[in-house]
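Subject: Structure for your review

Dear colleague,

My notes on it follow directly after.

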Amino acid sequence: MHPIKDIYLIRHGETDYNRMGVVQGSGIDAHLNELGRQQAQAFFDHYQDLYIDKIYTSALVRTHQSVDGFIKKGIAWEQHPGLNEISWGNKEGKSPNTDDDLYYKNLTRTWREGNIDVPSEEGESPVQVLERQKPVVDLILSRPEEQAILIAMHGRAMRVLLTHLFEQPLHKMDDFAHSNLCLYHLQYSYPDRAFKLVKGPLTEHLKHLPDSM
């Protein structure tokens, strides 16, 4: 058994919903926009020679498109709904407005204050997101023969996951910054049963592109 697993964790590229400031959540299966496709290509161009045993994505197409270059290389790929974005319930896909902006601000403040079991209206809480992520993490760790993996997922879900991997309180999830097609490089030590951050979030592969979100 190889003692170390390298984990390359990315957020998907930009969609038109990102551009407009509209939350997508798990209920909006948006495609990448033109900039998002450029980000995905830039990420592939920069890291195409990276050794990867397996690709893991959410079940949403924007994550699939973000790693399309690697999939086309023939690298094994699995999609797991457990990696989907948080469900924002009845707020998904709605144009930005003052009331909803205040709603999100209050809800995320509630989470930062420690009330992580509070869901969005008709949606999920951070605790619920973490509970569906845990079986995917356990599955990934049960495969030590996969020495290097690439995971493509979503902003809020990624923050939830990182708190879990680094054994941080879930209410501190906003401590983990993200942007479209940013990369976190993590390592898991099987002997120590612990994750460490190697570096990230990295965006140098996007430096020649317009500013992204």
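Predicted model: local features only at pLDDT ≥ 70, side-chain atom pairs only at ≥ 80, totals over all residues.

The model contains an open sheet of 6 strands in the order 3-2-4-1-5-6, and the pairing within it is mixed. The edges are taken by strand 3 and strand 6 (194-202); each has a single partner strand, so one side of each lacks a neighbour in the sheet. From one strand to the next, the twist averages 20°.

How much of strand 4 is buried? Of its 6 residues, 6 are buried, so the strand is largely enclosed by the rest of the structure. In a regular strand, side chains alternate between the two faces of the sheet. In strand 4, Ala-148, Leu-150 and Ala-152 point one way, while Ile-149, Ile-151 and Met-153 point the other way, and all of these are buried.

Helices 6 and 7

Helix 6 lies across strand 1, strand 2 (54-57), strand 3, strand 4, strand 5 (183-189) and strand 6, and runs at about 165° to strand 4. Helix 7 also packs on the sheet, where it touches strand 1, strand 4, strand 5 and strand 6; its direction makes about 155° with that of strand 1.

These two helices also meet each other. The axes of helix 6 (residues 126-141) and helix 7 (residues 155-165) come within 10 Å and cross at roughly 65°. The two helices are therefore roughly perpendicular to each other, and their crossing is right-handed. On the side of helix 6, the contact is made by Pro-126, Val-129, Leu-130, Gln-133, Lys-134 and Val-137; helix 7 contributes Ala-157, Val-160, Leu-161, His-164 and Leu-165.

Helix 7 is mostly covered, with 10 of its 11 residues buried. The buried residues are Gly-155, Arg-156, Ala-157, Met-158, Arg-159, Val-160, Leu-161, Leu-162, Thr-163 and Leu-165. They pack against strand 1, strand 4, strand 5 and strand 6, and also against helix 5 and helix 6. Just after helix 7, Glu-167 takes a positive phi of about 55°.

A loop residue: His-80

Where does His-80 lie? It is found in the loop between strand 3 (76-79) and helix 5 (98-112). Is His-80 buried or exposed? Its relative accessibility is 16%, and because residues under 20% are classed as buried, His-80 counts as buried. Leaving aside residues up to four places away in sequence, His-80 touches Tyr-56, Thr-57, Ser-58, Ala-59, Val-136 and Leu-139.

I hope that these notes are of use when you go through the structure.

With kind regards

Key. Residues numbered from 1 in each chain as written. Heavy atoms only, no water. Helix = DSSP H or I, 4+ residues; strand = E, 2+ residues; numbered from the N terminus. Buried < 20%, exposed > 50% of the residue type's maximum accessible area, 1.4 Å probe, protein only. Contact = heavy atoms within 4.5 Å. Axes fitted to C-alpha atoms, helices over the stretch in contact; angles between N-to-C directions. Parallel < 35°, antiparallel > 145°, perpendicular 65-115°, else oblique. Left-handed = near helix turned anticlockwise from the far one by under 90°. Pairing = 2+ DSSP bridges.
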